[in-house]
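This report is meant to be read beside the sequence and the model. Please have both in view before going on.

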Amino acid sequence: MLDFEGMTELSKSFREKLRAAATVTETRIENVFYSSDGTRRYLLKLGDDKEVEAVFMPDERRDTICISSQVGCAVGCKFCMTAQLGIKRNMTAGEIVSQVIVVLNEVYGPAAELPHKTNLVFMGMGESFLNYQEVMNSIRLMADEKGLGISPKRMTVSTSGIVPRINDFARESVRPRIAISLSSAIDEIRDDLMPINRKYRLDELIEACREYPLSDRERLTFEYVMLDGVNDSDQDARRLVRLLNGIKAKVNLIPHNPAPELPFRASPVERILAFQKILIDGDVPAFIRRPRGQDISAACGQLAARH
Ligand code: SF4
């Protein structure tokens, strides 16, 4: 229903108030791509025909939906296809929430009870903390029992390291988990891989992480994309251990998902294992992420609204 006038179960005066204060737009599925591993990539069209993507990843224990917060991205990480789109615009809170509803409806059918076993990750297109207010509004809508009733503990917001917003996020009363995309413990390398580092240096970022309030069982998650010969040496691993010293952290090692447009190769498996061992020996829990949906361009860093 795209017209308030047609919502006749609402009073006329309320419909008029709605018409003055709000608009209704529709998020449509343009295409769904199905991976051999069960992952689904959704190419979605927003009300103004701009395209974003969401990814559904089924798992025996808990499904995960990866959603976008912006149309494109301005941050320019060198290992990410979304960066090549540039930024088109921010998404509204309604558009962010609509991705989850559209995906759940396609997977389970519109009449299904909301599955409470769903994790949400803000790791699709965009830097969530450059669209902070709308992302926070969408989180409150999704967490509310009258909304989608998804616990903030089941949501993770990823950031490339926008330090002032990390500090704001730390003070939010409804707060999902946070994941920080790091990909190097050395400023010179990070400057090159993630240009945002030239604005928010590693020492500033790590200081914000040290001050970040964590519950007893919570850890800060650091994402580290493994790039062959760039950031994956033993020395890189030892520097990472030193950088995270004293922080309740865990590290997700993400094998790079190559694309012809990107200038990197994935680190070999034995290199990733050696890197992981150095972290674990240094008391930093480290996990290797299994790539999902590589065959349909749905994996980490591959989202580029491909048709
Ligand atoms: S990794 Fe995230 S922040 Fe970096 S360019 Fe891609 S979408 Fe933007």
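Does V102 count as buried, exposed or partly exposed? With 17 C-beta neighbours inside 10 Å, V102 counts as partly exposed, where a residue is buried if 20 or more other C-beta atoms lie within 10 Å of its own, exposed if 12 or fewer, and partly exposed in between, with C-beta atoms placed from the backbone. This is a predicted model, in which local features need pLDDT of at least 70 and side-chain atom pairs count only at pLDDT 80 or more, while totals for chains, interfaces and linings use all residues. Residues are numbered from 1 along each chain as its sequence is written.

V102 lies in helix α2 (residues 93–108); helices (H or I, at least four residues) and strands (E, at least two) are DSSP runs, numbered from the N terminus. Setting aside residues up to four places away in sequence, V102 touches T27, I29, Y42 and L44, a contact being two residues whose C-beta atoms, placed from the backbone, lie within 7 Å. I96 also has its place in helix α2, but with 30 C-beta neighbours inside 10 Å it counts as buried. Beyond its neighbours within four places in sequence, I96 is in contact with I67, S69, M91, E134, V135 and S138.

Strand β7 (residues 118–122) has a covered face, made of T118, L120 and F122, and an uncovered one, made of N119 and V121. In a regular strand the side chains alternate between the two faces of the sheet.

Strand β4 (residues 63–66) pairs with β7 in the parallel sense over four bridges, where two strands pair if DSSP finds at least two bridges between them. Within this pairing, D63 stands opposite T118 of β7. Strand β8 (residues 155–159) also runs parallel to β7, and three bridges join them, with V157 in β8 as the bridge partner of F122. From β7 the chain crosses through helix α3 (residues 132–143) to β8, and this β-α-β crossover is right-handed, a term used if, with the strands pointing away from the viewer, the path from the first strand over the helix to the second runs clockwise.

## Strand β11 and its partners

Why is strand β11 (residues 249–255) largely enclosed by the rest of the structure? Five of its seven residues are buried, so the strand is largely enclosed in this way. Strand β10 (residues 220–226) runs parallel to β11 and is joined to it by seven bridges, and V225 stands opposite I254 in β11. Together with helix α7 (residues 234–243), β10 and β11 make a right-handed β-α-β unit.

Strand β12 (residues 286–288) runs parallel to β11 as well, the two being joined by three bridges, and in β12 the bridge partner of V251 is A286. Another right-handed β-α-β unit is made by β11, helix α8 (residues 269–281) and β12.

## The nonpolar core

The largest nonpolar core has 75 residues, and those with the most contacts inside it are A54, I65, I67, Y224, M226, V251 and L253. Such a core is a set of buried Ala, Val, Leu, Ile, Met, Phe, Trp, Tyr and Cys residues joined through C-beta atoms within 7 Å. Not counting residues up to four places away in sequence, A54 touches Y42, L44, I65, C66, I67, S68, Q99, V103 and G124.

## The shell around the ligand

Which residues are found around the ligand? They are C73, V75, G76, C77, C80, T82, A83, M125, G126, E127 and S160, a residue being near a molecule or strand if its C-beta atom, placed from the backbone, lies within 6 Å of it. This shell divides into six nonpolar, four polar and one charged residue, where Ala, Val, Leu, Ile, Met, Phe, Trp, Tyr, Cys and Pro count as nonpolar, Asp, Glu, Lys and Arg as charged, and the others, Gly among them, as polar.

## Loop residues

Most residues other than glycine have a negative phi, and most peptide bonds are trans. D49, which is not a glycine, has a positive phi of about 70°; D49 is found in the loop between β2 (40–45) and β3 (51–57) and is exposed, with 8 other C-beta atoms within 10 Å. D283 has a positive phi of about 65°, although it is not a glycine either. D283 lies in the loop between α8 and β12, and with 10 C-beta neighbours inside 10 Å it counts as exposed.

V230 has its place in the loop between β10 and α7, and V230 is buried, with 21 other C-beta atoms within 10 Å. V102 and V230 are 128 residues apart in sequence and 39 Å apart in space, C-alpha to C-alpha.
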